[in-house]
Amino acid sequence: MVHRLKTRLSSLFRRSRYERELASELEFHIDMLTEQYVRAGMAAAEARRAALRNFGPLERVKDDVRDTWLSRLWETLVQDVRYGFRNLRRSPGFAFVVVFTMALGIGANTAIFSVVNGVLLRPLPFKDGEQLVVLRQQQPAAGVEDMGFSYKEILDYRAAKSLDGLVEFHNMWFILLGRSEPERVSTGVVSANFFDVLGVKPLYGRTLQAADDAPGAPAVLLLSHGYWKKTFGGDPTVVGKVYQMNDRPHQVVGILPPVPQYPLEVDVYMPTSACPFRSSKSALENRTFRIVGTAFGRLKPGVTLDKCHADLSVVSSQLQLDHPQEYPKERGYRATASPLQAEMTREFRRTLLVLLGTAGFVLLIVCASVANLMLARMVRREREVAVRAALGASHTRLLRQLLTESTILAIAGGAIGLGLAHWGVDLLVAYAQQFTPRASEIHIDTSVLLYTLGISVVTGLVFGSVPAINGSLSVSPALRDSGRATHNRQTIRNWLIVVQVAASFMLLIGAGLTIRSLIKLQQVDPGFRTDNILTMRIDLNFTKYRNERTSEFWQRVEERMKGIPGVITAGGGGTFPLNDGGSPSGSILIKGRELPQSAGGSRVDFLFATPDYFAAIGQPLISGRNFNLGDNYGARQTRPVALINRSMARRYWGNEDPLGQQISGNGGNSWATIVGVVADTRQQLREPVRDEVYLPIFQRGFLSTNWLVRSRVDPAIMQREIRSAVHAIDPDQPVDNFRTLAEVRSASLASPTLVATLLGLFGLLALVITAAGIAGVIAFSVNQRTHEFGIRMALGAQRASVLSLVLRQGLALVLSGLAIGLAGALVLTRLLATLLFGIQPTDGFTFVAVSMVLIAVAAIACLIPARRAASVDPMVALRVG
Amino acid sequence: MAPKSELLQGTLDLLILKTLETGTMHGWGISLRIQAVSEDVLQVNQGSLYPALHRLEQQGLIASQWGASENNRQAKYYELTRLGRKQLAAETKNWERLAGAVARILAH
């Protein structure tokens, strides 16, 4: 086998030697034959002539031998390519149009494939990343999807047999001091062996080790790659430096490589000993103190996910037996594991696949359109192909030559498309960052390049084969009757148009549905105002502030912010509507009432607010009173109060007055009095109004608050004043994450905007290409039928009837395409269902509107050549025939 | 001279392989041998012998080597490879089966 390969390849490379040897070999044979004739009695010269004659045409034999060499294949390929280029140079307009449309089609596919490759296909950059899982504790019967973990639960699950390591992660913050401004540093607090289990090696320095987690160990931290680049300019000498964070000096011991971070991107990593909450007595002893947000596990080699679930349920059943109060049976407590890669990409997966599918449709339309153009061109080339066939070109050779031409065009288009894709990928990465931590892994790498080359060659062969087969057949003696070949060609062209129309219809439906869905989302009334509101976050230094000191701080902040000139009002909330991240939810009890305890039965969201929060966000008070300064930290146990929203009031009290009623969110341990009812708001545009309980921030020891400032002027310019106001209270307190509420709103619509924009662009492109295709085919057919039109008109037909004849022909094509597209759309739009809001995938209005647009555009495309047909002078037409 | 029979490409290949079974030979020798053994019925068309030889070599069924001939000239000698021997056995069996079938039809 190897020898065979060697022989074939050597014919490629040692051509001149082969030629020489062949010449000698044949010369030897002829000499021997000559000798034979001489021995038989002929004269030397005559013997030689006879031998040559007997042997046959020398060059012919040599050529036949050469045909067996592999180099022949290469030669003909080079010949075909040169010939193809010459041909294309003669019709530059055609070449340009084809290359340009191919570039658009291939470019779109390459861009989207880069994203799919980086996010979905490429394995995680962790050692044996497919063995990593995310563990969750759930109580699905009570509607709880993610309980988090407590320290004790982490220890319990660490014992599960399938796991080769279980590590924890939770997110908090520190204040970095000693620079020009105090800076909030988001921190991932992790187990000491976190990076070992995940399989991450440091870029510089070291990762965490067991000694770092010991109580009293010196404070260390690791820098994430992004933070290191951004804040320290990528300077490796930062390792070993010490920085003041909160009240302790922390030393940088290592820098991490660029890896995707789950569940969120943090600036630095610290061991669990660094977090006082995590190291507190309650956290260590209390099974229900669930401070750990995320638990990662590594499956032992060879262990399947099912086996892991089985082992986890062994642990959870044991826990239910040992601690029945903490894990009540009716809540359906269980623990699950899901692969890390799937978790990182879940949100984005469906959108990406839809985009890939639509890009594929665009490529299909582009191929059909180019095939059509090439078929049209075949007419002019018929004679040339016939000559080549007559000169001895075999059927396969003709086919190969035509295919080479189309592949050249496709590869040229692919190369330009790659350039377009480069630019498109940058845009897509910016979007992708919001939905998956793997966005940073999106590059145009080798797989993408191979993909581009692959689809270029395949599309070149596909769209080239149509005219190639047709063209080579037209010179076949069997189909010498050119009328038959032409008719065949026309049918093929018609079918190509039908395909284009069908695919365009489906694309346009997709575009129409997603655009309408986006509009509906934008029109959702969230129940508050979004103009001229600036949001920001203040996370307090938790070592400095505790309990009533936090309340005092917030009260002073609210006062000062309201005092800034230009500010109408300002208030703080645990979160605010449209913000990413949600509110805690839980079940409530109402004093004096029996409430169903099952899933969703009495679940509400708990939100936190300062008194002026509602004025700031524009959420009116409907009855009762707002929070006031009397509801402060001192009164938190004597007079705890709460506000509820209208939806909750209606649900539990109907039209009766809920004021004065008492509710409990912690199972009856403490009760709060309802003092007022506020209007409903939507926390997320896509979600319905939920039942909400508002608790006063001033009555709690809240460390982290989002602030809303409503101003008369554009609030963005108030950043400096706001910072100064806060620094007047505490100069070491950072204020960050300034965004106007309008920006937050756009960000929440980022995904549907992306999809609608891309589908809209693709749809428009498809429409233009298809319209041009229809115009081309109709114009061509009109040209062929000039004679016929002339006769009709000479026989008395009106111009209008000729016009309608042409129009009918065009519309017949469009309607067939529409019918096929309709069937396809009804099936495929189901896949879009999860991306749509407020609109059915089979929305009648969209279907009708798109059909009408398509028919109108097609009619216009037909009209231009139709008018030309109708204006034919019968005398000229008859003469042409 | 007996009428020459036209040789199909496949059968020429088979004959070449068989001829080389007994030893190495150059192209001239192969054509003489086939002529001789077939008692002059088969006269190999020189024009198709060499393309066949080169094709068989590219397929790995025979291997070539330059050597000195009887009259001390340089000639290209061909020999059967192991793959060639296997192919020869298979083709021979095929041919015999085909010939047998044809003979049976003609006998009826």
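## Where two chains meet

A crossing is left-handed if the near helix is turned anticlockwise from the far one by less than a right angle, and right-handed if clockwise. Helices (H or I, at least four residues) and strands (E, at least two) are DSSP runs, numbered from the N terminus. In this predicted model, α4(A) passes α3(B) in a right-handed crossing. The contact (heavy atoms within 4.5 Å) involves Val61(A), Asp64(A), Val65(A) and Thr68(A) on the α4(A) side, and residues including Tyr50(B), His54(B) and Arg55(B) on the α3(B) side.

## The cores

A nonpolar core is a set of buried Ala, Val, Leu, Ile, Met, Phe, Trp, Tyr and Cys residues joined through side-chain atoms within 4.5 Å; buried means under 20% relative accessible area (1.4 Å probe, protein chains only). The largest such core holds 90 residues, and Leu223(A), Ile538(A), Trp554(A) and Met561(A) have the most contacts inside it. Strand β2 of chain A (residues 163-177) gives the most to this core, with 8 residues. A second, separate core has 53 residues, among them Val119(A) and Phe435(A).

## Chain B at a glance

Chain B has 4 helices and 3 strands, in the order α-β-α-α-β-β-α from the N terminus. Of its 108 residues, 42% are buried.

## Ground rules

Residues are numbered from 1 along each chain as its sequence is written, with chains lettered from A and ligands numbered from 1 in the order in which they are written. Local features need pLDDT of at least 70, side-chain atom pairs count only at pLDDT 80 or more, and totals for chains, interfaces and linings use all residues, while side-chain values use heavy atoms, leaving out hydrogens and water.

Note on methods
Buried means under 20% relative accessible area, exposed over 50%, partly exposed in between (1.4 Å probe, protein chains only).
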